[in-house]
Amino acid sequence: MSITLNEAIEMITLEADMLDHGDFKEWLSLYTPNGIYVVPIDPDTEEFEKTLNYAYDNAEMREKRVERLLSGRAISAAPPAKTVRLQARYRMLESNAESCTLRCAQMLTELRQGRERYYSANVTFRLVRTDGVLKIDRKIVRLLTSTEALTAVSYIL
Amino acid sequence: MDILPDPTTLVNEDSADGSIYSNPDLFDMEMDRIFMHNWIWVAHRSDLPESGNYITTFIGQHPVIVSRDRKGEVHVMLNRCRHRGATVCEHKKGKAASFVCPYHGWAYGLDGALRGVPFQEGYTGQLDKSNYPLISLRVEEYNGLIFASFDHDIMSLDAWLGRTKPWIDLFMKQGAGWPIKTMGEHKFTFPGNWKIQLENTTDAYHFPIVHKSFLDSVDSETQNTFDFVEGNGYVEDLGHGHSVMVMIPDLVDLDENLEAPIPERFQELADELAKDYPDEQVRRIVRAVGGSGFNLNLFPNLACSMAFFRVLRPLAVMETEIRHVAIGMDGGPELANEMRLRLHEHFQGPMGFGTPDDSEAWDRVQRGSLAGRDISILLNRGLGHEAQREDGNLFSDVSAETGMRAAYRQWLVDMTGKTVRAENGE
(Lines give C-alpha, C1' and ligand atoms only; values in the text may rest on other atoms or scores of the structure.)
Protein backbone atom coordinates (compact mmCIF):
# COMPACT_ATOMS: atom_id res chain seq x y z
CA MET A 1 0.00 0.00 0.00
CA SER A 2 1.28 3.46 -0.83
CA ILE A 3 2.46 5.67 2.00
CA THR A 4 -0.52 7.78 3.02
CA LEU A 5 -0.57 11.53 3.54
CA ASN A 6 -1.32 11.00 7.22
CA GLU A 7 1.66 8.69 7.72
CA ALA A 8 3.94 11.19 6.04
CA ILE A 9 2.58 14.15 8.03
CA GLU A 10 3.00 12.20 11.25
CA MET A 11 6.64 11.62 10.39
CA ILE A 12 7.58 15.19 9.50
CA THR A 13 5.60 16.62 12.40
CA LEU A 14 7.67 14.44 14.69
CA GLU A 15 10.80 15.89 13.10
CA ALA A 16 9.57 19.48 13.50
CA ASP A 17 8.70 18.87 17.14
CA MET A 18 12.11 17.35 17.88
CA LEU A 19 13.90 20.31 16.31
CA ASP A 20 11.82 22.86 18.22
CA HIS A 21 12.41 21.04 21.50
CA GLY A 22 16.14 20.47 21.12
CA ASP A 23 15.99 16.69 20.72
CA PHE A 24 18.86 16.87 18.26
CA LYS A 25 20.45 13.49 19.00
CA GLU A 26 17.11 11.75 18.45
CA TRP A 27 16.63 13.84 15.32
CA LEU A 28 19.71 12.22 13.76
CA SER A 29 18.02 8.82 13.89
CA LEU A 30 15.15 10.04 11.72
CA TYR A 31 17.35 10.02 8.62
CA THR A 32 18.49 7.21 6.36
CA PRO A 33 22.28 6.61 6.39
CA ASN A 34 22.54 8.23 2.95
CA GLY A 35 20.01 10.93 3.77
CA ILE A 36 20.67 14.55 2.87
CA TYR A 37 19.50 17.71 4.61
CA VAL A 38 19.91 20.65 2.26
CA VAL A 39 19.14 24.36 2.42
CA PRO A 40 19.80 25.57 -1.12
CA ILE A 41 20.39 29.14 -2.26
CA ASP A 42 19.44 28.76 -5.92
CA PRO A 43 15.63 28.45 -5.95
CA ASP A 44 15.62 26.45 -9.18
CA THR A 45 18.46 24.00 -8.78
CA GLU A 46 18.10 20.29 -8.16
CA GLU A 47 21.84 19.69 -8.51
CA PHE A 48 22.72 20.60 -4.96
CA GLU A 49 26.17 19.05 -4.96
CA LYS A 50 27.19 21.26 -7.89
CA THR A 51 25.96 24.53 -6.40
CA LEU A 52 26.58 26.57 -3.29
CA ASN A 53 24.05 25.92 -0.53
CA TYR A 54 23.56 27.30 2.95
CA ALA A 55 23.78 23.74 4.22
CA TYR A 56 24.37 20.48 2.42
CA ASP A 57 24.59 17.87 5.14
CA ASN A 58 25.20 14.17 4.83
CA ALA A 59 25.13 12.01 7.95
CA GLU A 60 28.59 13.13 9.04
CA MET A 61 27.79 16.84 8.69
CA ARG A 62 24.44 16.42 10.45
CA GLU A 63 26.22 14.85 13.38
CA LYS A 64 28.70 17.70 13.47
CA ARG A 65 25.89 20.25 13.30
CA VAL A 66 24.17 18.60 16.24
CA GLU A 67 27.43 18.47 18.17
CA ARG A 68 27.84 22.20 17.51
CA LEU A 69 24.37 22.93 18.88
CA LEU A 70 24.85 20.81 21.99
CA SER A 71 28.49 21.50 22.87
CA GLY A 72 28.08 25.02 24.20
CA ARG A 73 31.32 25.90 22.39
CA ALA A 74 29.70 27.90 19.58
CA ILE A 75 28.92 31.39 20.88
CA SER A 76 26.04 31.81 18.44
CA ALA A 77 24.46 28.64 19.80
CA ALA A 78 25.18 28.94 23.49
CA PRO A 79 22.32 28.52 24.00
CA PRO A 80 20.78 27.82 20.57
CA ALA A 81 17.94 30.06 19.43
CA LYS A 82 14.48 28.98 20.49
CA THR A 83 12.30 28.15 17.54
CA VAL A 84 8.65 27.45 16.85
CA ARG A 85 7.78 26.11 13.43
CA LEU A 86 4.44 25.42 11.87
CA GLN A 87 3.97 23.21 8.85
CA ALA A 88 0.87 23.21 6.70
CA ARG A 89 -0.36 23.14 3.10
CA TYR A 90 0.73 19.53 2.71
CA ARG A 91 0.67 17.97 -0.71
CA MET A 92 1.74 14.47 -1.61
CA LEU A 93 3.59 14.79 -4.89
CA GLU A 94 4.07 11.08 -5.38
CA SER A 95 3.77 8.01 -3.27
CA ASN A 96 4.23 4.26 -3.47
CA ALA A 97 4.74 1.47 -0.97
CA GLU A 98 8.44 2.19 -0.37
CA SER A 99 8.77 5.96 -0.71
CA CYS A 100 6.95 9.23 -1.11
CA THR A 101 7.61 12.89 -1.82
CA LEU A 102 5.71 15.40 0.25
CA ARG A 103 5.79 19.19 -0.03
CA CYS A 104 4.62 21.61 2.60
CA ALA A 105 4.91 25.18 3.82
CA GLN A 106 6.92 26.00 6.93
CA MET A 107 6.76 29.19 8.94
CA LEU A 108 9.44 29.43 11.59
CA THR A 109 9.87 32.02 14.32
CA GLU A 110 13.25 32.29 16.01
CA LEU A 111 13.97 33.99 19.32
CA ARG A 112 17.48 34.75 20.42
CA GLN A 113 18.75 37.53 22.68
CA GLY A 114 15.48 39.40 22.63
CA ARG A 115 15.15 39.40 18.85
CA GLU A 116 12.42 37.62 16.94
CA ARG A 117 13.16 36.66 13.36
CA TYR A 118 11.07 34.81 10.82
CA TYR A 119 11.84 32.38 8.04
CA SER A 120 9.26 31.02 5.62
CA ALA A 121 10.08 28.10 3.40
CA ASN A 122 8.75 25.49 1.06
CA VAL A 123 10.00 22.17 2.36
CA THR A 124 10.12 19.01 0.30
CA PHE A 125 10.63 15.65 1.98
CA ARG A 126 11.48 12.37 0.39
CA LEU A 127 10.54 9.66 2.85
CA VAL A 128 11.37 6.00 2.52
CA ARG A 129 9.97 3.02 4.36
CA THR A 130 12.62 0.71 5.75
CA ASP A 131 11.65 -2.22 7.96
CA GLY A 132 8.18 -0.76 8.26
CA VAL A 133 9.44 2.59 9.56
CA LEU A 134 9.45 5.90 7.67
CA LYS A 135 12.80 7.67 7.47
CA ILE A 136 13.83 10.95 5.91
CA ASP A 137 15.97 10.35 2.85
CA ARG A 138 15.97 13.94 1.68
CA LYS A 139 14.81 17.21 3.19
CA ILE A 140 15.05 20.28 1.01
CA VAL A 141 14.35 23.59 2.72
CA ARG A 142 13.72 26.25 0.08
CA LEU A 143 13.71 29.52 1.98
CA LEU A 144 11.52 32.24 0.57
CA THR A 145 14.45 34.62 1.08
CA SER A 146 17.20 32.25 -0.07
CA THR A 147 18.70 34.78 -2.48
CA GLU A 148 18.36 37.68 -0.05
CA ALA A 149 20.57 38.46 2.90
CA LEU A 150 19.81 36.18 5.85
CA THR A 151 20.95 36.55 9.44
CA ALA A 152 22.96 33.97 11.36
CA VAL A 153 20.99 30.72 11.60
CA SER A 154 22.62 28.68 14.36
CA TYR A 155 19.94 26.04 14.46
CA ILE A 156 18.34 23.52 12.11
CA LEU A 157 15.69 24.81 9.72
CA MET B 1 23.44 74.30 11.75
CA ASP B 2 24.68 70.75 12.07
CA ILE B 3 28.06 70.35 13.60
CA LEU B 4 29.93 67.40 12.08
CA PRO B 5 31.93 65.15 14.39
CA ASP B 6 35.68 65.72 14.33
CA PRO B 7 37.28 62.42 13.25
CA THR B 8 40.68 63.45 14.58
CA THR B 9 39.33 63.29 18.12
CA LEU B 10 37.98 59.77 17.64
CA VAL B 11 40.91 57.72 16.38
CA ASN B 12 44.41 57.47 17.77
CA GLU B 13 47.32 55.33 16.68
CA ASP B 14 46.50 52.67 19.29
CA SER B 15 42.81 53.15 20.09
CA ALA B 16 39.50 54.52 18.88
CA ASP B 17 36.47 55.97 20.61
CA GLY B 18 33.55 53.56 20.91
CA SER B 19 31.24 56.03 19.17
CA ILE B 20 32.86 55.29 15.80
CA TYR B 21 30.47 52.31 15.61
CA SER B 22 27.29 54.20 16.44
CA ASN B 23 27.45 57.88 15.53
CA PRO B 24 25.00 58.43 12.65
CA ASP B 25 26.63 61.73 11.62
CA LEU B 26 29.97 60.00 11.38
CA PHE B 27 28.36 57.28 9.26
CA ASP B 28 27.01 59.86 6.82
CA MET B 29 30.49 61.37 6.55
CA GLU B 30 31.97 57.92 5.88
CA MET B 31 29.47 57.20 3.14
CA ASP B 32 30.59 60.38 1.43
CA ARG B 33 34.28 60.68 2.22
CA ILE B 34 35.21 57.01 2.12
CA PHE B 35 32.71 55.34 -0.18
CA MET B 36 32.50 58.17 -2.74
CA HIS B 37 36.21 59.01 -2.84
CA ASN B 38 37.99 55.68 -2.99
CA TRP B 39 38.10 52.68 -5.28
CA ILE B 40 35.23 50.37 -4.32
CA TRP B 41 35.17 46.76 -5.47
CA VAL B 42 32.08 45.96 -7.55
CA ALA B 43 32.60 42.68 -9.38
CA HIS B 44 34.89 39.91 -10.45
CA ARG B 45 35.62 39.55 -14.15
CA SER B 46 33.85 36.17 -14.22
CA ASP B 47 30.59 37.81 -13.13
CA LEU B 48 30.48 39.37 -16.62
CA PRO B 49 31.89 36.70 -18.92
CA GLU B 50 30.27 37.93 -22.15
CA SER B 51 29.10 41.08 -23.86
CA GLY B 52 25.63 41.96 -22.64
CA ASN B 53 26.17 40.46 -19.17
CA TYR B 54 25.38 42.70 -16.25
CA ILE B 55 25.00 42.61 -12.49
CA THR B 56 23.41 45.10 -10.12
CA THR B 57 25.17 46.00 -6.90
CA PHE B 58 25.91 48.94 -4.61
CA ILE B 59 28.70 51.41 -4.00
CA GLY B 60 28.11 52.46 -0.44
CA GLN B 61 24.41 53.21 -0.53
CA HIS B 62 24.23 53.94 -4.27
CA PRO B 63 22.65 51.30 -6.52
CA VAL B 64 24.76 50.66 -9.61
CA ILE B 65 24.78 48.49 -12.71
CA VAL B 66 27.98 46.82 -13.84
CA SER B 67 27.75 45.85 -17.51
CA ARG B 68 29.92 44.55 -20.31
CA ASP B 69 29.15 46.30 -23.57
CA ARG B 70 29.32 44.94 -27.10
CA LYS B 71 32.98 45.84 -27.41
CA GLY B 72 33.73 43.98 -24.18
CA GLU B 73 34.30 47.11 -22.14
CA VAL B 74 33.03 47.20 -18.53
CA HIS B 75 30.85 50.09 -17.38
CA VAL B 76 29.68 50.97 -13.90
CA MET B 77 26.64 53.25 -13.97
CA LEU B 78 24.24 54.61 -11.41
CA ASN B 79 21.03 52.59 -11.49
CA ARG B 80 18.91 55.69 -11.84
CA CYS B 81 16.89 56.90 -14.80
CA ARG B 82 17.83 60.41 -15.84
CA HIS B 83 14.17 61.32 -16.19
CA ARG B 84 12.56 60.88 -12.77
CA GLY B 85 15.12 58.79 -10.92
CA ALA B 86 13.62 55.30 -11.02
CA THR B 87 15.96 52.32 -11.02
CA VAL B 88 16.23 50.97 -14.55
CA CYS B 89 17.14 47.41 -13.56
CA GLU B 90 16.12 45.30 -10.57
CA HIS B 91 17.51 41.94 -11.66
CA LYS B 92 20.57 40.76 -9.73
CA LYS B 93 22.26 39.59 -12.90
CA GLY B 94 21.48 38.72 -16.47
CA LYS B 95 22.05 39.37 -20.11
CA ALA B 96 20.51 42.33 -21.89
CA ALA B 97 20.82 44.54 -24.93
CA SER B 98 19.50 47.58 -23.09
CA PHE B 99 18.07 48.82 -19.79
CA VAL B 100 14.56 50.20 -20.08
CA CYS B 101 13.07 52.30 -17.30
CA PRO B 102 9.73 50.76 -16.31
CA TYR B 103 8.13 54.14 -15.57
CA HIS B 104 8.19 56.03 -18.91
CA GLY B 105 10.20 53.68 -21.07
CA TRP B 106 13.49 55.54 -21.43
CA ALA B 107 15.95 53.05 -22.88
CA TYR B 108 19.69 52.97 -22.23
CA GLY B 109 22.46 51.01 -23.93
CA LEU B 110 24.92 48.75 -22.13
CA ASP B 111 27.31 51.70 -22.05
CA GLY B 112 24.64 53.90 -20.47
CA ALA B 113 23.86 55.99 -23.58
CA LEU B 114 20.24 57.14 -23.74
CA ARG B 115 18.94 55.47 -26.88
CA GLY B 116 15.20 55.91 -26.85
CA VAL B 117 12.58 58.21 -25.31
CA PRO B 118 8.92 57.38 -25.98
CA PHE B 119 6.85 60.22 -27.46
CA GLN B 120 9.92 62.41 -27.68
CA GLU B 121 8.05 65.09 -29.67
CA GLY B 122 6.45 66.13 -26.35
CA TYR B 123 9.81 67.70 -25.46
CA THR B 124 9.57 69.99 -28.53
CA GLY B 125 13.30 69.89 -29.14
CA GLN B 126 14.25 70.51 -25.50
CA LEU B 127 15.68 67.05 -24.80
CA ASP B 128 19.07 66.27 -26.28
CA LYS B 129 19.49 62.56 -25.57
CA SER B 130 23.26 62.83 -25.64
CA ASN B 131 23.08 64.92 -22.45
CA TYR B 132 21.27 62.26 -20.44
CA PRO B 133 23.17 58.98 -20.33
CA LEU B 134 23.16 56.91 -17.13
CA ILE B 135 25.79 58.50 -14.89
CA SER B 136 29.03 56.58 -15.42
CA LEU B 137 31.60 56.04 -12.71
CA ARG B 138 35.30 55.55 -13.18
CA VAL B 139 36.17 51.86 -13.70
CA GLU B 140 39.49 50.05 -13.51
CA GLU B 141 40.45 46.40 -13.19
CA TYR B 142 43.34 44.51 -11.67
CA ASN B 143 43.80 40.76 -12.15
CA GLY B 144 40.07 40.16 -12.53
CA LEU B 145 39.02 42.48 -9.70
CA ILE B 146 36.80 45.29 -10.99
CA PHE B 147 36.65 48.50 -8.98
CA ALA B 148 34.75 51.73 -9.53
CA SER B 149 34.81 55.21 -8.07
CA PHE B 150 32.62 58.28 -8.04
CA ASP B 151 35.77 60.38 -7.81
CA HIS B 152 37.44 61.01 -11.15
CA ASP B 153 40.40 62.77 -9.50
CA ILE B 154 41.75 60.04 -7.24
CA MET B 155 44.91 58.13 -8.08
CA SER B 156 44.79 55.19 -10.50
CA LEU B 157 43.64 51.81 -9.20
CA ASP B 158 47.14 50.57 -9.87
CA ALA B 159 48.62 53.15 -7.51
CA TRP B 160 45.83 52.66 -4.96
CA LEU B 161 46.38 48.90 -4.76
CA GLY B 162 50.15 49.48 -4.79
CA ARG B 163 51.88 46.97 -2.55
CA THR B 164 48.82 44.70 -2.40
CA LYS B 165 49.23 43.64 -6.03
CA PRO B 166 51.70 40.79 -5.44
CA TRP B 167 49.29 39.44 -2.81
CA ILE B 168 46.33 39.64 -5.19
CA ASP B 169 48.42 37.70 -7.71
CA LEU B 170 49.21 35.06 -5.09
CA PHE B 171 45.55 34.80 -4.13
CA MET B 172 44.55 34.15 -7.74
CA LYS B 173 46.81 31.10 -7.81
CA GLN B 174 43.81 29.25 -6.38
CA GLY B 175 42.85 28.75 -10.01
CA ALA B 176 45.66 26.15 -10.18
CA GLY B 177 46.43 27.38 -13.69
CA TRP B 178 42.83 28.02 -14.65
CA PRO B 179 41.22 31.44 -14.32
CA ILE B 180 39.30 32.14 -11.10
CA LYS B 181 35.53 32.21 -11.33
CA THR B 182 32.89 33.10 -8.76
CA MET B 183 30.59 30.22 -7.78
CA GLY B 184 27.75 31.80 -5.83
CA GLU B 185 27.66 33.59 -2.52
CA HIS B 186 26.39 33.58 1.02
CA LYS B 187 24.79 36.87 1.92
CA PHE B 188 23.82 37.92 5.41
CA THR B 189 23.43 40.98 7.58
CA PHE B 190 24.47 41.64 11.14
CA PRO B 191 23.21 44.41 13.39
CA GLY B 192 26.45 46.33 13.65
CA ASN B 193 28.73 48.91 12.09
CA TRP B 194 30.71 47.99 8.98
CA LYS B 195 34.09 48.74 10.57
CA ILE B 196 33.57 45.94 13.10
CA GLN B 197 33.66 43.53 10.18
CA LEU B 198 36.52 45.34 8.46
CA GLU B 199 38.62 44.87 11.61
CA ASN B 200 37.81 41.16 11.83
CA THR B 201 39.47 40.25 8.53
CA THR B 202 42.95 40.74 9.99
CA ASP B 203 42.08 39.60 13.52
CA ALA B 204 43.80 36.25 14.09
CA TYR B 205 43.49 36.74 17.84
CA HIS B 206 39.78 35.76 17.84
CA PHE B 207 40.18 32.57 15.84
CA PRO B 208 40.85 29.94 18.55
CA ILE B 209 38.30 31.61 20.85
CA VAL B 210 35.37 32.29 18.53
CA HIS B 211 35.90 29.29 16.28
CA LYS B 212 36.24 26.51 18.87
CA SER B 213 33.15 24.87 17.45
CA PHE B 214 34.50 24.95 13.90
CA LEU B 215 37.81 23.51 15.08
CA ASP B 216 35.91 20.74 16.89
CA SER B 217 34.36 19.78 13.56
CA VAL B 218 37.58 19.18 11.58
CA ASP B 219 40.28 16.51 11.78
CA SER B 220 43.37 16.96 13.92
CA GLU B 221 45.59 17.71 10.94
CA THR B 222 43.32 20.60 9.98
CA GLN B 223 43.19 21.74 13.59
CA ASN B 224 46.98 21.95 13.55
CA THR B 225 46.92 23.94 10.31
CA PHE B 226 44.54 26.44 11.90
CA ASP B 227 46.53 26.63 15.12
CA PHE B 228 48.34 29.77 13.99
CA VAL B 229 47.93 32.39 16.72
CA GLU B 230 51.33 31.62 18.23
CA GLY B 231 52.83 30.52 14.93
CA ASN B 232 55.28 32.33 12.69
CA GLY B 233 52.67 34.19 10.64
CA TYR B 234 52.46 37.97 10.60
CA VAL B 235 50.29 40.97 9.80
CA GLU B 236 51.67 43.60 7.47
CA ASP B 237 50.47 47.11 6.65
CA LEU B 238 50.42 47.47 2.85
CA GLY B 239 49.49 51.14 2.72
CA HIS B 240 46.23 52.95 1.85
CA GLY B 241 44.42 51.08 4.61
CA HIS B 242 45.18 47.71 3.08
CA SER B 243 46.83 44.92 5.03
CA VAL B 244 47.61 41.24 4.85
CA MET B 245 47.45 38.69 7.63
CA VAL B 246 49.52 35.60 6.90
CA MET B 247 48.15 32.81 9.05
CA ILE B 248 49.71 29.80 7.36
CA PRO B 249 53.06 30.78 5.81
CA ASP B 250 53.35 27.44 4.00
CA LEU B 251 50.25 28.31 2.02
CA VAL B 252 51.27 31.76 0.82
CA ASP B 253 52.44 30.59 -2.60
CA LEU B 254 50.27 27.73 -3.80
CA ASP B 255 52.70 26.85 -6.58
CA GLU B 256 55.42 26.06 -4.05
CA ASN B 257 55.88 23.07 -1.70
CA LEU B 258 54.09 20.83 -4.19
CA GLU B 259 56.08 17.88 -2.88
CA ALA B 260 54.58 18.31 0.62
CA PRO B 261 52.38 15.38 1.73
CA ILE B 262 48.74 15.69 0.73
CA PRO B 263 46.58 16.35 3.81
CA GLU B 264 44.35 13.42 4.71
CA ARG B 265 41.13 15.31 4.10
CA PHE B 266 42.19 15.84 0.47
CA GLN B 267 43.46 12.31 -0.19
CA GLU B 268 40.22 11.01 -1.67
CA LEU B 269 40.04 14.00 -4.02
CA ALA B 270 43.69 13.49 -4.99
CA ASP B 271 43.03 9.82 -5.77
CA GLU B 272 40.12 10.73 -8.02
CA LEU B 273 42.05 13.49 -9.80
CA ALA B 274 44.97 11.11 -10.37
CA LYS B 275 42.81 9.26 -12.88
CA ASP B 276 42.81 12.29 -15.18
CA TYR B 277 45.82 14.42 -14.27
CA PRO B 278 49.58 13.90 -13.82
CA ASP B 279 50.88 13.86 -10.25
CA GLU B 280 52.25 17.40 -10.19
CA GLN B 281 49.01 18.86 -11.45
CA VAL B 282 47.01 16.82 -8.93
CA ARG B 283 49.14 18.30 -6.17
CA ARG B 284 48.70 21.78 -7.55
CA ILE B 285 44.92 21.42 -7.76
CA VAL B 286 44.66 19.93 -4.29
CA ARG B 287 46.73 22.74 -2.78
CA ALA B 288 44.56 25.27 -4.58
CA VAL B 289 41.37 23.67 -3.28
CA GLY B 290 42.52 24.21 0.30
CA GLY B 291 42.85 27.95 -0.30
CA SER B 292 45.53 30.51 0.45
CA GLY B 293 47.09 30.89 3.87
CA PHE B 294 46.36 34.59 4.17
CA ASN B 295 43.65 37.24 4.38
CA LEU B 296 44.23 40.33 2.25
CA ASN B 297 42.10 43.24 3.41
CA LEU B 298 41.53 45.85 0.70
CA PHE B 299 40.17 49.06 2.20
CA PRO B 300 37.30 49.66 2.42
CA ASN B 301 35.03 46.88 1.15
CA LEU B 302 36.82 43.80 -0.21
CA ALA B 303 38.90 41.04 1.30
CA CYS B 304 40.61 38.21 -0.52
CA SER B 305 40.11 35.95 2.43
CA MET B 306 41.84 32.56 2.28
CA ALA B 307 39.50 30.86 -0.22
CA PHE B 308 36.75 33.42 -0.95
CA PHE B 309 35.95 37.08 -1.46
CA ARG B 310 34.47 38.91 1.51
CA VAL B 311 32.48 41.95 0.43
CA LEU B 312 31.00 44.34 2.93
CA ARG B 313 28.30 46.90 2.37
CA PRO B 314 27.23 49.39 5.01
CA LEU B 315 23.42 49.54 5.16
CA ALA B 316 23.08 51.91 8.11
CA VAL B 317 25.25 52.99 11.00
CA MET B 318 24.38 49.82 12.89
CA GLU B 319 23.51 47.45 10.03
CA THR B 320 25.95 45.81 7.61
CA GLU B 321 25.57 43.33 4.80
CA ILE B 322 28.32 40.79 4.20
CA ARG B 323 28.76 38.57 1.16
CA HIS B 324 31.05 35.57 1.15
CA VAL B 325 31.62 34.86 -2.52
CA ALA B 326 32.77 31.33 -3.31
CA ILE B 327 35.43 30.99 -6.00
CA GLY B 328 36.69 28.11 -8.07
CA MET B 329 38.67 27.04 -11.10
CA ASP B 330 37.05 28.14 -14.36
CA GLY B 331 37.46 25.03 -16.49
CA GLY B 332 39.06 23.05 -13.69
CA PRO B 333 37.88 19.63 -12.49
CA GLU B 334 34.28 19.60 -11.31
CA LEU B 335 35.14 17.42 -8.31
CA ALA B 336 37.67 19.94 -7.09
CA ASN B 337 35.22 22.80 -7.43
CA GLU B 338 32.57 20.78 -5.59
CA MET B 339 34.99 20.22 -2.75
CA ARG B 340 35.61 23.97 -2.63
CA LEU B 341 31.84 24.51 -2.34
CA ARG B 342 31.59 22.02 0.53
CA LEU B 343 34.52 23.66 2.35
CA HIS B 344 32.87 27.06 1.85
CA GLU B 345 29.56 25.78 3.23
CA HIS B 346 31.32 24.23 6.20
CA PHE B 347 32.68 27.52 7.55
CA GLN B 348 31.00 30.40 5.73
CA GLY B 349 27.58 31.88 5.49
CA PRO B 350 24.60 32.17 7.84
CA MET B 351 24.47 28.40 8.42
CA GLY B 352 28.21 27.70 8.39
CA PHE B 353 30.19 26.52 11.40
CA GLY B 354 32.24 29.72 11.52
CA THR B 355 30.34 32.75 10.29
CA PRO B 356 27.43 32.69 12.77
CA ASP B 357 29.94 32.80 15.62
CA ASP B 358 31.80 35.71 14.03
CA SER B 359 28.49 37.44 13.52
CA GLU B 360 27.62 36.90 17.18
CA ALA B 361 30.91 38.47 18.25
CA TRP B 362 30.38 41.52 16.01
CA ASP B 363 26.81 41.88 17.25
CA ARG B 364 28.14 41.85 20.81
CA VAL B 365 30.76 44.51 19.99
CA GLN B 366 28.04 46.76 18.65
CA ARG B 367 25.80 46.35 21.68
CA GLY B 368 28.54 46.49 24.27
CA SER B 369 30.20 49.53 22.76
CA LEU B 370 27.01 51.52 23.38
CA ALA B 371 27.72 51.28 27.11
CA GLY B 372 29.15 54.42 28.68
CA ARG B 373 30.78 57.41 27.03
CA ASP B 374 34.37 58.25 26.12
CA ILE B 375 35.61 54.69 26.50
CA SER B 376 38.30 53.44 24.13
CA ILE B 377 38.31 50.49 21.79
CA LEU B 378 41.85 49.11 22.02
CA LEU B 379 43.88 48.70 18.85
CA ASN B 380 47.30 48.28 20.43
CA ARG B 381 47.94 44.55 20.27
CA GLY B 382 51.35 43.79 18.78
CA LEU B 383 52.39 47.46 18.76
CA GLY B 384 55.26 46.84 21.18
CA HIS B 385 57.08 44.58 18.76
CA GLU B 386 55.90 46.14 15.51
CA ALA B 387 58.80 46.71 13.12
CA GLN B 388 59.39 48.02 9.63
CA ARG B 389 60.47 46.10 6.56
CA GLU B 390 62.99 47.49 4.09
CA ASP B 391 60.18 48.61 1.81
CA GLY B 392 58.67 50.56 4.70
CA ASN B 393 55.80 48.20 5.51
CA LEU B 394 54.98 47.96 9.21
CA PHE B 395 54.58 44.40 10.42
CA SER B 396 54.02 42.51 13.62
CA ASP B 397 53.03 39.04 14.77
CA VAL B 398 50.00 37.27 13.29
CA SER B 399 47.72 38.21 16.17
CA ALA B 400 48.73 41.88 16.13
CA GLU B 401 46.22 44.62 15.37
CA THR B 402 48.52 46.08 12.75
CA GLY B 403 45.90 45.65 10.01
CA MET B 404 43.28 47.53 12.01
CA ARG B 405 45.70 50.34 12.71
CA ALA B 406 46.44 50.50 8.97
CA ALA B 407 42.73 50.74 8.16
CA TYR B 408 42.11 53.48 10.71
CA ARG B 409 45.06 55.50 9.43
CA GLN B 410 43.46 55.53 5.98
CA TRP B 411 40.05 56.15 7.56
CA LEU B 412 41.45 59.27 9.17
CA VAL B 413 43.09 60.45 5.96
CA ASP B 414 39.80 60.04 4.09
CA MET B 415 37.63 61.48 6.83
CA THR B 416 39.70 64.61 7.28
CA GLY B 417 39.52 65.24 3.54
CA LYS B 418 43.19 64.66 2.99
CA THR B 419 42.70 61.87 0.51
CA VAL B 420 45.97 61.29 -1.27
CA ARG B 421 45.36 62.70 -4.73
CA ALA B 422 46.89 61.58 -7.99
CA GLU B 423 49.02 64.69 -8.28
CA ASN B 424 50.68 63.91 -4.95
CA GLY B 425 51.74 60.53 -6.24
CA GLU B 426 52.07 57.81 -3.63
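A quick definition before you click anything: a helix axis here is a line fitted to C-alpha atoms over the stretch in contact, and the angle between two axes is taken between their N-to-C directions, from 0 to 180 degrees. Keep in mind that this is a predicted model.

**Stop one: a helix pair in chain B.** Select residues 279-290 of chain B, which is helix 9, and then residues 334-347 of chain B, which is helix 10. Their axes come within 9 Å and cross at roughly 20 degrees. Angles under 35 degrees count as roughly parallel, so helix 9 of chain B is roughly parallel to helix 10 of chain B. The crossing of these two helices is right-handed.

**Stop two: the side chains between them.** Show B:Ile285, B:Ala288 and B:Val289 on helix 9 of chain B. Across from them, on helix 10 of chain B, pick out B:Ala336, B:Met339, B:Arg340 and B:Leu343. Sort the residues of this contact by type and you get 6 nonpolar, no polar and 1 charged.

**Stop three: over to chain A.** Switch to a cartoon view and trace chain A from the N terminus: the elements run α-α-β-β-α-β-β-β-β. That comes to 3 helices and 6 strands.

**Last stop: chain A as a whole.** Zoom out. The C-alpha atoms of chain A fill a box of roughly 45 × 30 × 30 Å along the principal axes. Chain A has a radius of gyration of 15 Å, which agrees with the value near 15 Å for a compact globule of 157 residues. Color by burial and 50% of the 157 residues of chain A count as buried. As for contacts in chain A with a separation of 6 or more, 58% are between residues 24 or more positions apart.

Methods: Residues numbered from 1 in each chain as written. Chains lettered and ligands numbered in written order. Predicted model: local features only at pLDDT ≥ 70, side-chain atom pairs only at ≥ 80, totals over all residues. Heavy atoms only, no water. Helix = DSSP H or I, 4+ residues; strand = E, 2+ residues; numbered from the N terminus. Parallel < 35°, antiparallel > 145°, perpendicular 65-115°, else oblique. Left-handed = near helix turned anticlockwise from the far one by under 90°. Contact = heavy atoms within 4.5 Å. Nonpolar A, V, L, I, M, F, W, Y, C, P; charged D, E, K, R; others polar. Rg over C-alpha atoms; globule rule 2.2 N^0.38 Å. Buried < 20%, exposed > 50% of the residue type's maximum accessible area, 1.4 Å probe, protein only.
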